[in-house]
Amino acid sequence: MKNHIIITGDVINSRAQDIDNWMPRLEASLKRYSIRYDIFRGDSFQAEMKLEDLFQAIFHLKASLRMFEPNDVRVGIGFGDISYEDPDIKKSSGSAFVYSGESFDQLGRETLSFKSDYPELDAQLNLILSLASTITDQWKVGAAEIVQVALEHPNATQKELLEISGRKHQSQVSLHLSKAHYTKILQVIQYCTKELKKYA
């Protein structure tokens, strides 16, 4: 069954901010969601994800890096098999790795891309991810920070998010979530996960 997810990505504008700022956030995000991962060449990364965590992980990564404007991430997603598995993810191989690399290489001006054996699924998810990334491209530092906290605490109330984030006013949390179109992002995560599961 071809149900492996590999992501390949890099940090946009990695030299614009001190690596000591964004690297811990990148690593913490990958560690939170990955089965295994590696960071290499300073600002590139590859990770194996669980299908059910994939899209939440992608937007968590984006929020984590958008907190350090003008940083962001580009991510190519591959959905396929793993024919050779090594503890070092860079030494593993299979169509999931091939598709992940190909989707990353064809990003162009996009920051998210998906590729699999299923052209119809690819077209569907790439359209949604392209539209969603137009939202994330607009995230400012405050909004990205609140989105990250909200994704990490999905059942928290706005009052609880206020306490976790260290903000002084609940209206700040509400405003940041609204400006980030957080409800729409959650719908994207849920819908894309549901559609991908049909092919697992």
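Modeller: Arg32 is partly exposed, with a relative accessible area of 45% (buried means under 20%, exposed over 50%, and partly exposed in between, using a 1.4 Å probe and protein chains only). This is a predicted model, in which local features need pLDDT of at least 70 and side-chain atom pairs count only at pLDDT 80 or more, while totals for chains, interfaces and linings use all residues. Residues are numbered from 1 along each chain as its sequence is written, and side-chain values use heavy atoms, with hydrogens and water left out.

Arg32 belongs to helix α1, residues 19-33 (helices are DSSP runs of H or I with at least four residues, strands are runs of E with at least two, and both are numbered from the N terminus). Not counting residues up to four places away in sequence, Arg32 touches His60 and Glu152; contact means heavy atoms within 4.5 Å. Between Arg32 and Ile82 there are 50 residues in sequence and 22 Å in space, C-alpha to C-alpha.

Ser64 sits in helix α2, residues 54-66. Its relative accessible area is 0%, so Ser64 is buried. Setting aside neighbours within four places in sequence, Ser64 contacts Arg25, Ser29 and Gln148.

Next, the packing of two helices. Helix α6 (residues 158-165) and helix α7 (residues 170-179) meet at an angle of about 100°, their axes 9 Å apart. Axes are lines fitted to C-alpha atoms, for helices over the stretch in contact, and angles run from 0 to 180 degrees between N-to-C directions. The pair α6 and α7 is therefore roughly perpendicular (65 to 115 degrees; under 35 is roughly parallel, over 145 roughly antiparallel, the rest oblique). On the α6 side the contact uses Gln158, Lys159, Leu161, Leu162 and Ser165, and on the α7 side Gln170, Val173, Ser174 and Leu177. By class, this contact of α6 with α7 has 4 nonpolar, 4 polar and 1 charged residues (Ala, Val, Leu, Ile, Met, Phe, Trp, Tyr, Cys and Pro are nonpolar; Asp, Glu, Lys and Arg are charged; the others, Gly among them, are polar).
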